[in-house]
Amino acid sequence: MIATDFHTTGSGNPRTDLLEVKLEILYQVSQVLSRSLNMQETLSKVLKLLHDKGRLRHGMVSLLNEETNELQVIALHGHASSLIETVRYRSGEGVIGDIMNQAEPVVVPRIADEPRFLGRLGVYDANLPFIGVPIRLGKNEPFGVFAAQPAESEELLNEQARFLEMIANLIAQTVHLSRQIAHEKRELREERDHLRRTVKGKHGFDTIVGHTEVMHNVFDQIRQVARWTTTVLIRGESGTGKELIANAIHYNSPRANGPFIKLNCAALPDNLLESELFGHEKGAFTGAVTQRKGRFEQADGGTLFLDEVGELSPAFQAKLLRVLQEGEFERVGGSKTLRVDTRMIAATNRNLEADVKKGEFREDLYYRLNVMPITMPALRQRSEDIPDLTRFLMKKIARQQHRELIITDSAIRLLLRHDWPGNVRELENTLERAAIMSEGGNIDRDSICLAGLDEQCLITPSPISKTQIDFNDPNLDERERVIAALEEAGWVQAKAARLLDMTPRQIAYRIQTLNIRMRLI
Ligand SMILES: Nc1ncnc2c1ncn2[C@@H]1O[C@H](COP(=O)(O)OP(=O)(O)OP(=O)(O)O)[C@@H](O)[C@H]1O
Ligand SMILES: [Mg+2]
């Protein structure tokens, strides 16, 4: 009979008693294994349990390292992990390697008599038996070996081996689960890092087109403010790229790995805005079934972008002021005061100074927000950027439409003559429309339809467009050359003819044969 330290039931039948003891040990092992997925710690506890209660000495678990394809000792009873970390077995090497290779248990009555025994661990008792079993899921390939030295008489060794197999089975389930979870975690982490890199790439400086001096100033300002946590106010007409700039500041700041949370202040009524921004406690109002973090809290460690901040009601302006001044707030329906480390970027297309004068925007909030203003120029103030912006946006649209798009110079010249009240967004929309309208993906001036185009929109040719037209440019084909001259001449045929050294009859003939649609101004 096995003399365990564990209580025996005393049934009088040694086999029945042994079975009960082992069942109890199995139960306890399964409990230890289910408690934590830290394999080293859990397996050490299992081995201790087997030592203390099952009289299994020098318990050892080694698992296959998938990268090196070697068995690595994970836990050895009574020895610190640092001592065993260096011990490895290749498949087929020594007794342990053989168990792995053959996927069969090995039972040795006295280890000193076993020629395959390598004694690498240097802990085994030479006179005790040795049992090693593979760790595997069902009949699958083993991925580890569990071994121990029972302090038993020889006759019961095979039963002991059966018992070790049961334990190895439990270990296999847990190791498999923990490896699966580790694998999923790794995949999620990789995906997160990949997404972070993509998002960062999308909001780098090279996604903001602008070679004009005003834009260079904007870039300098972004670089400077990005390093600090100062509140930034981005101003500018609609469609000038305020949100783009807010993103660039965040993703070029030390908070780039933190969250970038956006809230449009104009999109919600005050009561919803409050719970959206500050969060709410469970039961704070009908429908608040669970506690919810607000955007301020979500942006902890990152940046909160408050778009259209000029549209806030006076009551809400006061609430926002408090957070800006004291960095504190409470969730709706909550009494606990919360503090977060959130950087604030606000944007507006309103003339806040005028609103302050009219009493529609709090002066104190205005000063709090206006610490570091960045003003985005209107597109008409930087029309030199239109050709580059157009090409950049064309590429963006081409990617979205999965096809190649080409825009002609004459189309770009037409774009240069518009004054773009809707700024870059209007330009982007115009190009997208033109792309949709052009079957072959070749965007000519005829495919471009300027929304709301009227006399006011068509400005007199700017000095840039003038200097950019070179009628002798060998890259211009005949059609483009004629169109360029017509544009230059404000679509007066006789004038254009003079520019091209043609007679009015010649140009009229070309307009007809080249199928040029005359623009009425
Ligand atoms: N300098 C730029 N380079 C490239 N794309 C730009 C640039 N400026 C703006 N865009 C593009 O134009 C569109 C409008 O930009 P954005 O949404 O940032 O403008 P906004 O100022 O926030 O407009 P609104 O005031 O209407 O909200 C976006 O698709 C943006 O990517
Ligand atoms: Mg915007």
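**Strands, loops and the ligand site**

Trp 420 is buried, with a relative accessible area of 0%. Here buried means under 20% relative accessible area, exposed means over 50%, and partly exposed lies in between, with a 1.4 Å probe and protein chains only. The areas themselves come from the Shrake-Rupley method with a 1.4 Å probe, and for residues only the protein chains shown count as cover. The structure is a predicted model, in which local features need pLDDT of at least 70 and side-chain atom pairs count only at pLDDT 80 or more, while totals for chains, interfaces and linings use all residues. Residues are numbered from 1 along each chain as its sequence is written, chains are lettered from A and ligands numbered from 1 in the order in which they are written, and side-chain values use heavy atoms, with hydrogens and water left out.

Trp 420 lies in the loop between α14 (409–416) and α15 (423–437). Helices (H or I, at least four residues) and strands (E, at least two) are DSSP runs, numbered from the N terminus. Trp 420 is not a glycine, yet its phi is positive, at about 50°. A positive phi, near 60°, is also found at Asn 69, again a residue other than glycine. Asn 69 belongs to the loop between β1 and β2, and the hairpin of these strands has 4 residues between them. Asn 69 is exposed, with a relative accessible area of 51%.

Strand β1 (residues 56–65) is mostly covered, as 7 of its 10 residues are buried. Two strands are taken to pair if DSSP finds at least two bridges between them. Strand β1 runs antiparallel to β2 (residues 70–76), to which 6 bridges join it; in this pairing Ser 62 has Val 73 as its bridge partner. Another 6 bridges join β1 to β6 (residues 144–150), also in the antiparallel sense. In β6, Pro 150 is the partner of Leu 56, and Ala 147 is the partner of Met 60.

Ala 147 also stands opposite Gly 132. Strand β5 (residues 130–135) pairs with β6 over 5 bridges, in the antiparallel sense. Strand β6 is largely enclosed by the rest of the structure, because 7 of its 7 residues are buried. In a regular strand the side chains alternate between the two faces of the sheet. Both faces of β6 are covered, with Gly 144, Phe 146, Ala 148 and Pro 150 buried on one side and Val 145, Ala 147 and Gln 149 buried on the other.

Ligand 1 has 18 residues around it, of which Ser 238, Gly 239, Lys 242, Arg 425 and Glu 428 come nearest. A residue counts as near a molecule if one of its heavy atoms lies within 4 Å of it. Polar side-chain atoms of Arg 425 and Glu 428 approach oxygen atoms of ligand 1, that of Arg 425 at 2.6 Å and that of Glu 428 at 2.7 Å. For Arg 382, a polar side-chain atom lies 3.5 Å from a nitrogen atom of the ligand. On its own, ligand 1 has 630 Å² of accessible area, and the protein covers 88% of this.

Tyr 509, in helix α19 (residues 504–513), is exposed, with a relative accessible area of 52%. The C-alpha atoms of Tyr 509 and Pro 377 are separated by 43 Å, the two residues being 132 residues apart along the chain.

Notes: A polar contact is a pair of N or O atoms within 3.5 Å; within protein, one must be able to donate a hydrogen and the other to accept it, and residues adjacent in sequence count only if both atoms are side-chain atoms.
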